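The sequence and structure come first, then the notes.

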Amino acid sequence: MDAFPAYFPLKGAKIVIAGSGEAAQAKARLFDGAPAKLVQVDGPLAFLPGTYAGATLAFVASDDALFVQAAVTAARAARVPVNVVDRPQMCDFTTPAVIDRGEVVAAVGTGGASPMLATLLRNTIEARIPEGTGRVAALFRRMQDEVREALPDLPRRRAFLRKALDGPAADAAMAGNMEAAEALLRQALAEDRPQEGLLQFVAGRGPADLLTLRASRALAAADVLVTPEDADAEILGMARRDAERLAAAEATPGRLIDLAREGLRVVVVITGPPAAEDIQAFARSGVKVEVMLAAPEM
């Protein structure tokens with residue numbers, strides 16, 4: 001990863017755009033409907049550090065190299081990150097191709113190397129993100145404190161949210177009925193019961209495109225991931241970044257059984273068959289076990 005993507009909250013933020021013309025207007029359109037204060041300047045005002053004071057981000061758009069240099073110098077004097085149109089070498093950050101669904105924002109960036117590629121990828125992803133997705137996120141934001149209070153245990157809360165995101169409350173929010181969505185989510189919260197732990201074995205030799213959809217979903221939902229040294233890097237990259245990671249040497253059958261009994265989803269990436277005695281230990285424990293091998297090559 002050559003650049004780290006980050007999201008800046010825009011509520012109450014000040015955004016400065018220095019310059020004029022279509023390039024400056026294109027940057028301004030990025031913030032249409034955003035709860036930010038947009039300040040557009042041209043001429044001498046762009047050269048004053050005070051113009052950028054308190055800003056979260058600054059954009060500079062001009063064909064005039066002297067204008068660009070003076071504006072960038074002023075913004076940096078005010079300690080504001082700067083993006084310069086068509087001059088990636090002068091940028092503190094680059095602007096990605098953005099998919100805006102309100103509360104849900106997805107972005108594709110190439111570090112300024114190929115904006116056209118980022119746009120093409122954005123169009124592909126955008127078609128897979130329904131318009132109502134932002135309303136689903138808004139529902140869970142609105143109910144966040146209630147869910148945390150009712151389910152203080154993080155693994156159980158994650159399990160509830162995974163289920164709720166594919167349930168009737170999310171469907172109602174997607175359809176725009178937020179009142180019904182809140183009622184349904186509160187009902188699901190009241191009826192929630194501790195989840196059964198799960199121990200899943202996923203083939204990890206690669207290539208990653210041979211993984212089944214079920215195996216891919218298991219990696220994405222893992223609370224704990226066991227990673228052998230010879231596992232395929234692409235397969236490991238499909239797992240949740242915040243999942244707890246255990247080296248294979250630490251993952252004794254007893255440890256895995258204990259984790260699953262805590263209600264956790266434990267995914268063991270394997271590059272060979274598990275030992276017979278380990279399988280027997282899992283069978284005796286009563287813990288639910290699933291084995292997901294790669295799809296056969298054609």
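Strand β7 (residues 198-203) is mostly covered, with six of its six residues buried. Buried means under 20% relative accessible area, exposed over 50% and partly exposed in between, with a 1.4 Å probe and protein chains only. The model is predicted: local features need pLDDT of at least 70, side-chain atom pairs count only at pLDDT 80 or more, and totals for chains, interfaces and linings use all residues. Residues are numbered from 1 along each chain as its sequence is written, and side-chain values use heavy atoms, leaving out hydrogens and water.

**Strand β7**
- Strands (E, at least two residues) and helices (H or I, at least four) are DSSP runs, numbered from the N terminus.
- In a regular strand, side chains alternate between the two faces of the sheet.
- Leu-198, Gln-200 and Val-202 point one way from β7, while Leu-199, Phe-201 and Ala-203 point the other way; all are buried.

**Partners of β7**
- Two strands pair if DSSP finds at least two bridges between them.
- Six bridges pair β7 with strand β10 (residues 265-270) in the parallel sense, and Leu-199 stands opposite Val-266 in β10.
- Strand β11 (residues 288-292) runs parallel to β7 and is joined to β7 by five bridges; Val-202 has Met-292 in β11 as its bridge partner.

**The four-stranded sheet**
- An open sheet of four strands has the order β2-β1-β3-β4, with parallel pairing.
- β2 (37-41) and β4 (82-84) stand at the edges with a single partner strand each, so one side of each is left without a neighbour in the sheet.
- Strand β1 (residues 14-19) and strand β3 (residues 57-61) run parallel and are joined by five bridges; Val-16 has Ala-58 in β3 as its bridge partner.
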